[in-house]
Amino acid sequence: PYELGAACASALGYPVHTIVEDLPPDVLEALAVYRGATGMGLINMRDGLRAAYRLLGEGQVLALAADRVIGEAPSAVELPFAGGIRPVPTGPAVFAMATGAPVVIGYVARNPARRPRYVLHLDPPILPGGRDEAERLRLTKVIVDRLAEFVRTYPDQWFVFQPQWVSGDAR
């Protein structure tokens with residue numbers, strides 16, 4: 001439902017963009033068509049960081065996966081996550097600290113009660129409290145703790161195909 005969240009934001013007038021890993025051109029094109037239909041623009045991780053900073057500076061939405069490391073991420077940290085330890089990206093915290101953009105943590109999940117069909121949840125915005133290493137780690141931990149809570153609430157709806165567990169698992 002990552003795309004469903006983007007579709008909701010787009011329908012409300014908020015342009016949404018996401019960074020994607022470096023993929024073969026045909027896969028990237030298919031993903032661009034699919035996500036484009038939901039209102040989400042793609043930024044290639046390999047050469048799109050300037051575009052990401054520009055979009056944030058324009059007040060647009062940058063949706064980032066924060067539950068797994070994509071590609072080479074030298075700034076990833078290992079943190080407790082839903083019963084295990086896994087490497088997580090610090091990119092969301094770094095973007096927020098560099099631009100002053102708030103971090104809004106959220107999810108879209110199928111509603112077990114079936115009415116309404118989906119649940120959209122957004123936490124209140126979190127503003128970075130500094131620009132140092134301690135703040136980068138603090139903000140990353142806040143993000144990971146909230147995501148782990150969502151996973152515990154809807155464990156059957158969390159799909160990560162690169163497990164990356166250092167120890168333990170989410171079961």
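What average pLDDT does the protein chain have, and what percentage of the residues score at least 70? The chain averages a pLDDT of 88, and 95% of the residues reach at least 70; pLDDT is the predictor's confidence in each residue, from 0 to 100. This is a predicted model, in which local features need pLDDT of at least 70 and side-chain atom pairs count only at pLDDT 80 or more, while totals for chains, interfaces and linings use all residues. Residues are numbered from 1 along each chain as its sequence is written, and side-chain values use heavy atoms, with hydrogens and water left out.

**Confidence by element**

Helices (H or I, at least four residues) and strands (E, at least two) are DSSP runs, numbered from the N terminus.

**The three-stranded sheet**

Select strands S1, S2 and S3. They form an open sheet in the order S2-S1-S3 with parallel pairing; two strands pair if DSSP finds at least two bridges between them. Strand S2 (40–44) and strand S3 (61–63) are the edge strands, each pairing on one side only. From one strand to the next, the twist averages 35°. Strand S1 (residues 16–20) pairs with S2 over 5 bridges in the parallel sense, and Thr 18 stands opposite Leu 42 in S2.

Axes are lines fitted to C-alpha atoms, for helices over the stretch in contact, and angles run from 0 to 180 degrees between N-to-C directions.

**A pair of crossing helices**

Select helix H3 (residues 49–57) and helix H4 (residues 91–99). Their axes come within 10 Å and cross at roughly 55°. H3 is therefore oblique to H4 (angles under 35 degrees count as roughly parallel, over 145 as roughly antiparallel, 65 to 115 as roughly perpendicular and the rest as oblique). Show side chains here: Leu 49, Ala 52, Tyr 53 and Leu 56 in H3 meet Val 94, Phe 95, Ala 98 and Thr 99 in H4.

**Backbone details in two loops**

Go to Ala 82, in the loop between strand S4 (77–81) and strand S5 (84–88). Ala 82 is not a glycine, yet its phi is positive, about 50°. Finally, select Arg 115 and Pro 116, which are joined by a cis peptide bond with omega about -10°. Pro 116 lies in the loop between strand S6 (106–110) and strand S7 (118–122).

Note on methods
Contact = heavy atoms within 4.5 Å.
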